[in-house]
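Here is a colleague's note for someone opening this model for the first time. Please read it with the structure on screen.

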Amino acid sequence: MNIQSAYNYSGMPAPKPLRFPPGKTLPEELSIVMKRIEAYGVVYPDGYYQTLLEKYTREGVRYPHILMILGQPRINNHFYYSRALKGTGRLLDYGCGTGDNVRQLIRDGFPRERITAFDINWASINLGFDLYRDREEIHDLFTVSDTFPFGPAEFDLVYSASVFQVIAEDEELRNYLANAWSALTPGGILFGSTFGLGEGAISSPNEWGPPRVMLREQLTSSLTGAGFTCLDIVQRYHVPHYVTDRDNKCVFEFCTKKPA
Ligand SMILES: C[S@@+](CC[C@H](N)C(=O)[O-])C[C@H]1O[C@@H](n2cnc3c(N)ncnc32)[C@H](O)[C@@H]1O
């Protein structure tokens with residue numbers, strides 16, 4: 001099993017936990033991620049490693065890849081981030097996963113009362129709570145539902161990181177973008193990132209990749225097709241998340257606007 005096979009899930013709960021890639025084990029990866037998160041000032045009580053190890057040995061880790069990258073938020077490297085931090089409106093993290101990006105926003109001074117994090121399941125959110133031990137402090141920021149629970153024009157910023165890539169069906173992606181559009185105020189900004197392929201590559205998902213790997217043109221047509229304008233796309237790599245320039249893979253960061 002290749003390292004990227006852990007991406008192989010839709011947004012819905014997987015039937016059973018996925019396996020760690022060859023050479024990676026739960027005890028080792030858990031230890032690495034706990035050290036990484038301690039660097040943010042999280043203090044683990046005695047025996048906590050053992051408690052988590054037993055829990056995740058018993059239950060399995062639903063998404064091993066997500067455990068392996070936990071504690072390495074990406075929002076703060078996004079080209080729009082400094083402008084987002086200066087915004088005065090509300091932000092929705094749409095498909096928030098573990099909440100790494102929400103915690104980064106809070107660390108960087110974005111007022112917590114202006115943040116909402118939404119996902120369609122609790123799996124990664126709960127993993128984040130286990131590792132950061134902050135369920136009590138920030139659980140109120142998270143909402144989980146099968147259906148999009150927000151009304152029109154509730155947010156000035158919508159952040160979407162690594163979500164398009166896990167949505168296999170075109171119609172579901174159109175719905176997702178229509179929700180983002182509807183939730184934004186006129187003039188509001190959708191920014192985020194998705195897994196992509198550089199120029200000249202053939203856009204066909206393979207067994208190891210996430211279900212949707214977009215070419216720049218496909219990303220452009222999805223966003224403009226949903227009505228967004230003023231689109232900026234920047235091609236990046238992200239080594240901590242295993243996206244290097246190998247095989248023409250990349251991350252496309254985007255920023256686009258709902259017309260005022
Ligand atoms: C690869 S994870 C990325 C999580 C997070 N945004 C990050 O950057 O770490 C993709 C997340 O998108 C969520 N997701 C998939 N489809 C979704 C949808 N239609 N609406 C909301 N969230 C969705 C999944 O449940 C998962 O937590």
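1. R112 is partly exposed, with a relative accessible area of 28%. Partly exposed sits between buried, under 20% relative accessible area, and exposed, over 50% (1.4 Å probe, protein chains only). R112 pairs with D140 in a salt bridge, N to O at 2.9 Å. A salt bridge here is a side-chain nitrogen of Lys or Arg within 4 Å of a carboxyl oxygen of Asp or Glu. R112 lies in the loop between α5 (100-107) and β2 (115-119), and D140 in the loop between α7 (135-138) and β3 (142-144), so the pair ties together parts that are 28 residues apart in sequence. D140 is also partly exposed, at 48%.

2. A word on the basis. This is a predicted model: local features need pLDDT of at least 70, side-chain atom pairs count only at pLDDT 80 or more, and totals for chains, interfaces and linings use all residues. Residues are numbered from 1 along each chain as its sequence is written, and side-chain values use heavy atoms, with hydrogens and water left out.

3. The overall picture comes next. The protein chain has 9 helices and 8 strands. These are DSSP runs numbered from the N terminus: helices are H or I with at least four residues, strands are E with at least two. Of the 260 residues, 50% count as buried. The accessible surface is about 11,900 Å², and carbon and sulfur atoms hold 51% of that surface. Areas come from the Shrake-Rupley method with a 1.4 Å probe; for residues, only the protein chains shown count as cover.

4. Contact means heavy atoms within 4.5 Å.

5. Back to the charged pairs. The structure holds 5 salt bridges. One of them joins D130 to K55, with the closest N and O atoms 2.7 Å apart. D130 lies in helix α6 (residues 123-132) and K55 in helix α2 (residues 48-59), so this bridge links parts that are 75 residues apart in sequence. D130 is buried, at 10%. K55 is partly exposed, at 23%.

6. Another salt bridge joins D170 and R212, at 2.9 Å from N to O. D170 lies in helix α8 (residues 170-183), while R212 lies in the loop between β5 (184-197) and β6 (214-215), so the pair ties together parts 42 residues apart in sequence. R212 counts as buried, at 11%.

7. Look at helix α5 next. In α5, 6 of the 8 residues are buried, so the helix is largely enclosed by the rest of the structure. Those buried are D100, N101, V102, R103, Q104 and L105. Q104 has a relative accessibility of 8%. Beyond its neighbours within four places in sequence, Q104 is in contact with P73, I75, N76 and Y81. After α5 comes G109, with a positive phi near 95°.

8. Last, the cysteines. How many disulfides are there? The count is 0, taking a disulfide as a pair of cysteine sulfur atoms within 2.5 Å. C230 is in no disulfide, and its nearest cysteine sulfur, that of C255, is 8.9 Å away. C230 is exposed, at 56%. C96 is buried, at 6%.
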